[in-house]
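I opened a new page in my notebook to keep track of what I looked up.

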Amino acid sequence: MFHERSHGESFLHLVTARSRYPGLWIRDEPASALSFTGSLALIRGLQDILNAGGARVILSTHSPILASLPGAAIYEVGPWGYRPCAWEDLDLVRDWRSFLAAPERYLRHLI
């Protein structure tokens, strides 16, 4: 069944199928295979896991979408080690906002 789906679709199916199981969920860059809407679907699946109770989720991500999970304790990692950070103060959020506001500022250095 998984071989009939894209990598992202398979991952979302796995999360949905196992969302009823409590425990510790550790995911490293889970949005890497996901589209924008896939990332939003993953947020919904993670929220379902947390709402069911008895579960904790630890994510490592460069996705501002996943970092926006309501109620998440966010830590930013850098040369300083790690520190608590508000979503809107994350470097990744600032960088994406800057790029989306004016992609040409970045692309002119690449193309």
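Predicted model: local features only at pLDDT ≥ 70, side-chain atom pairs only at ≥ 80, totals over all residues.

Next I turned to the elements, and I listed five helices and four strands in the chain, which follow the pattern α-β-α-β-α-β-β-α-α when read along the sequence.

For the overall dimensions, I wrote down that the C-alpha atoms fill a box of roughly 45 × 35 × 20 Å along the principal axes. The accessible surface comes to about 7800 Å², and 59% of that surface belongs to carbon and sulfur atoms.

I then asked where the charges lie, and I noted that the chain has 11 positive and 11 negative charges, whose mean positions are 4 Å apart.

Turning to the interior, I recorded that 30% of the 111 residues count as buried. I kept a general remark beside this entry: in soluble globular proteins, nonpolar side chains tend to be buried together.

The largest nonpolar core has 14 residues, and among them Val15, Leu42 and Ile49 touch the most other members. Helix H1 (7-18), helix H2 (36-52) and helix H3 (64-67) each supply at least two residues of this core, with the largest share, four residues, coming from H2. Apart from this core I found another, of six residues, including Ala67, Leu90, Leu92 and Val93.

Note on methods
Residues numbered from 1 in each chain as written. Heavy atoms only, no water. Buried < 20%, exposed > 50% of the residue type's maximum accessible area, 1.4 Å probe, protein only. Areas by Shrake-Rupley, 256 points an atom, 1.4 Å probe, with all protein chains shown as cover. Lys, Arg positive; Asp, Glu negative; His and termini not counted. Charge placed at Lys NZ, Arg CZ, Asp CG, Glu CD. Core = buried A, V, L, I, M, F, W, Y, C linked by side-chain atoms within 4.5 Å.
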